[in-house]
Amino acid sequence: MSGREKLRLVDWEYKRDICRHVLDISGKTIGDLVEEVIKDTPEYLADDELVTKITQAARKWPKSTPDGRNSMIFWKRLAFCLDCQEHVSPEMLVSAPIETFINYLTDLKPRALQRLAFLKDMGEDDGEVLDDSHGPVTVGNLANDEELFALWTRDGGLIQTIKKGVAKHRLSIEHYYVDPDSAEGWSELVGREAYPTYDECKFGLRDLLKSEEWRKLVDEVMPSTMVMLAGGGAPTKDVVLIQGLTGRKWCKQVDYYLVDISFFMLMNSRRALRKLLPAYGLADVVNLHLLRDDVLMMSCCDQERFHKRGNVVFGITGGTIGNFSEAKLFDSLDRIALRNDLLIISADTVDGVSDKEKEEVREKYDNPALRDFIRPVVRAVLNTLDVVEPIEDVMDARFKVELLEGEKSASNISGGWSVVAKLAVSEPPITLFTSNRYSSSHLVAYAASRGWESVCRISSPLNSDFKQFLFRRKV
Ligand SMILES: C[S@@+](CC[C@H](N)C(=O)[O-])C[C@H]1O[C@@H](n2cnc3c(N)ncnc32)[C@H](O)[C@@H]1O
């Protein structure tokens, strides 16, 4: 390549998927890939912001030149991790079309070729999802039990049927997660460039848990239980959260609850955590508890269960609060929380967002990746209504995403907006999902009116509008 020619990243979607696959990386996002690739380099050990810096750069690679110093640390290390042929330079990895890229590999080449065939719909997957070849791993209370593990559930917390949702002209958010296809669809969505929220949240959580405010507060309250509400499907965030406690001197063991309505999302998390916890040296210090339940219907029995070892950190991350009735969620928290418990809410905010950015928010919910994600549910709606029109035509003509502000917003918290996705296949149209965004001050005021005092709020280093809010229970 001549000195003047700009380095251009080619076939990035394929490269990142194939690297994640052949390197056996549990996390799906670009941030997860960056961390796994560079985590043993001297540069990483010397700079605890390096993963954030490279991830920030990586989000721009498709449109810019990935030749900055930090970016090159990644590509150089990637060549090493992939065990490429000796003559392969980082620049060659960047600019090669995917077939050439795979040709540079040595032992990993057959797996990479198989994955590429799968991605191009020409071959079979090599069974990543069901792969249990890592052998038995002891995760806290699951020790010595390879086959069976406990998962709590109860008669309540039933899942709405599509038929009922259609009759009410409104689906519940759980439909997008409650079967194996949709749960797998979520994993794919978080890996797509069009859905940057997962990394924004994960990096924001990391900053929150490194903050002085967090350290001071947990050292005072000393919680050793974390309860993640609607917490399935975010295993690399789980690791960050657990580290936020295990890093403290007084914390010897963490009880970590994942509460989620979807069996498949819980399975998804457990499977990934069986690999991740040992890899981060956390296997012996975490008791993982799986609770399949509706977070809007938690009861006083749950309060007792969660507080067996003192105060609790509750969390609802990833902006998921915006998919619920906030009033119902806080009612549920009233039943399970006690004085001095902590609450982490990760949410998208609208503080100072310009009109141009507003359009970007709408686009975030109307793009091919998101359409792929909701397709199984849309198909089920069309089946229920006996609509024979091809799904693609329906999606093109009758799927609409609106942004509702002020009075029109669907949120219980004023000052924000709602993104509402509708399918006009009946009258009135069916609301497929709603996602609320908040004004920070209104969210804080609402939480205060519900017994939670604000401790701090921290913006994500990847997106200043995506914030982590930390609260403490006053009563
Ligand atoms: C966006 S996903 C995962 C969010 C994840 N906690 C994160 O931070 O990325 C939302 C999760 O909420 C779960 N969910 C939806 N409705 C629920 C409900 N009523 N009770 C419990 N979990 C629910 C889904 O099964 C899914 O796992």
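What follows is a walk through this predicted model, from its sheets to its helix pairs and the shell around its ligand. Because the model is predicted, local features are described at pLDDT of at least 70 and side-chain atom pairs count only at pLDDT 80 or more, while totals for chains, interfaces and linings use all residues. Residues are numbered from 1 along each chain as its sequence is written.

Let's begin with the sheets. Helices (H or I, at least four residues) and strands (E, at least two) are DSSP runs, numbered from the N terminus. Two strands pair if DSSP finds at least two bridges between them. An open sheet of eight strands runs in the order E1-E4-E3-E2-E5-E6-E11-E10, and its pairing is mixed. Strand E1 (152–153) and strand E10 (452–460) stand at its edges with a single partner strand each, so one side of each has no neighbour in the sheet. Further in, strand E6 (residues 342–348) and strand E11 (residues 463–473) run antiparallel and are joined by seven bridges. To find this pairing on your screen, look for Leu342, whose bridge partner in E11 is Arg472.

Two residues are in contact if their C-beta atoms, placed from the backbone, lie within 7 Å. Helix H11 (residues 197–210) lies across E6, E10 and E11, and runs at about 50° to E11. Helix H14 (residues 263–279) lies across strand E3 (254–260) and strand E4 (286–292), at about 170° to E4.

There is also an open sheet of three strands, ordered E7-E8-E9 with antiparallel pairing. Strand E7 (399–405) and strand E9 (430–437) are at the edges, each with a single partner strand, so one side of each is left without a neighbour in the sheet. From one strand to the next, the twist averages 20°. Strand E8 (residues 417–423) is joined to E9 by seven bridges, and the two run antiparallel. Here Ser418 stands opposite Asn436 in E9. Helix H17 (residues 355–364) packs on this sheet and touches E7 and E8, its direction making about 140° with that of E7.

The loop between E8 and E9 holds Pro428. Glu427 and Pro428 are joined by a cis peptide bond, with omega at about -5°. Most residues other than glycine have a negative phi, and most peptide bonds are trans.

Now for the helix pairs. Two packed helices are described by the angle between their axes and the distance between the axes. Angles under 35 degrees count as roughly parallel, over 145 as roughly antiparallel, 65 to 115 as roughly perpendicular and the rest as oblique. In the contacts below, Ala, Val, Leu, Ile, Met, Phe, Trp, Tyr, Cys and Pro count as nonpolar, Asp, Glu, Lys and Arg as charged, and the others, Gly among them, as polar.

Helix H13 (residues 235–246) packs against H14 at an angle of about 55°, with the axes 9 Å apart. That angle makes H13 oblique to H14. Pro235, Thr236, Asp238 and Val239 in H13 meet Ser269, Ala272, Leu273 and Leu276 in H14. This contact divides into five nonpolar, two polar and one charged residue.

H13 also packs with H11: their axes come within 9 Å and cross at roughly 5°. H11 and H13 are therefore roughly parallel to each other. On the H11 side the contact includes Cys201 and Leu205, and on the H13 side it includes Val240 and Leu241. The residues of this contact divide into five nonpolar, three polar and three charged.

Elsewhere, helix H1 (residues 12–22) and helix H8 (residues 109–119) pack at an angle of about 130°, with their axes 10 Å apart. H1 and H8 are therefore oblique to each other.

Finally, which residues are closest to the ligand? They are Tyr177, Ala230, Ser262, Thr317 and Gly318, out of 21 residues that surround the ligand. A residue counts as near if its C-beta atom, placed from the backbone, lies within 6 Å. The shell has 10 nonpolar, seven polar and four charged residues. Ala230 is found in the loop between strand E2 (225–229) and H13, and its phi is near 50°, a positive value in a residue other than glycine.

Notes
Axes are lines fitted to C-alpha atoms, for helices over the stretch in contact, and angles run from 0 to 180 degrees between N-to-C directions.
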